[in-house]
Amino acid sequence: MLTIFPGWFAGPLTTSLLGRARREGTLDVRLHDLRDWTTDRHRSVDAAPYGGGAGMLMRADVWIAACESVWNDLPAGSTVGHVHEPPAEAHHVAGGERPRTVLLTPRGRPLTQALATELAAEPRLVLLCGRYEGIDERVHELAATDEVSIGDYVLFGGEVAAAAVIEAVTRLVPGVVGNAASPDDESFSSGQLEYPQYTRPATIRGRGVPEVLTSGDHAAVERWRSERAATLTRQRRPDLLGPDERT
Ligand code: 6GU
């Protein structure tokens, strides 16, 4: 992952199941500071847009040098070939294909469980976190294989989105989560929201638990769950349902 705020990821990468998976070597997540590939005294990653306008844009030269090093697994600051080489060269990685390179941007393809599943099958992913006003278009063209958004709202930058991609993808990697499929997977794979769940205590602030759940009738429990999931989905996310299931 490439970012100008590597420190931002300290919590997400070391906490809980992902932290454990990394410590145990089930998966490897590496953070790179984009500024390690700057060449000027001020370590600047942005510049004013050609054609004028408010704000600054992230520079293609820094991004592309950084991507080339990371693709080729070279130390920070090193590059392969030259930034001004033609696109085909810029894409080339010694010893094989450029790894899937995901640029987090509000104009990207929406992150879904299906996309997470697709990304989880990759041997290697490179995540690029842009910031604020945007990135020089040539980074989109030359470096990114994919552009991904986490929803129709605007964030300061791609870091939160990258963390969402990392969680959605790494929990699908075998050995990261306990083997059993959990209901929330079912939820988005089956195209329905999850049914409500209850645990101890049996009563809180006068509220009990639906009787069927303590009845011991497993078939009745299954029918109740399936009915609740269908109703919730119809009420809140009819977009998840097929045209004939919507009524
Ligand atoms: Cl990937 N980046 C930014 N800056 N804002 C977003 C986003 C990404 N996805 C939704 N909003």
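Helix H9 covers residues 218-236, and its 19 residues should span 27 Å at 1.5 Å a residue; the end C-alpha atoms are 27 Å apart, which agrees. The expected span is 1.5 Å times one less than the number of residues, and helices (H or I, at least four residues) and strands (E, at least two) are DSSP runs numbered from the N terminus. This is a predicted model, in which local features need pLDDT of at least 70 and side-chain atom pairs count only at pLDDT 80 or more, while totals for chains, interfaces and linings use all residues. Residues are numbered from 1 along each chain as its sequence is written, and side-chain values use heavy atoms, with hydrogens and water left out.

Among the buried residues of H9 are Trp 224, Leu 232 and Thr 233; buried means under 20% relative accessible area, with a 1.4 Å probe and protein chains only.

I turn now to the ligand. Strand E5 (100-110) and strand E7 (146-149) each supply at least two residues of the shell around the ligand, and E5 gives the most, with 3 residues. By class, the shell holds 7 nonpolar, 4 polar and no charged residues, where Gly counts as polar and Tyr and Pro as nonpolar.

Which polar backbone atom is 3.0 Å from a nitrogen atom of the ligand? That backbone atom belongs to Ile 150. A polar backbone atom of Leu 155 is 3.1 Å from a ligand nitrogen, and a polar side-chain atom of Ser 149 lies 3.3 Å from a ligand nitrogen.

Methods
Buried means under 20% relative accessible area, exposed over 50%, partly exposed in between (1.4 Å probe, protein chains only). A polar contact is a pair of N or O atoms within 3.5 Å; within protein, one must be able to donate a hydrogen and the other to accept it, and residues adjacent in sequence count only if both atoms are side-chain atoms.
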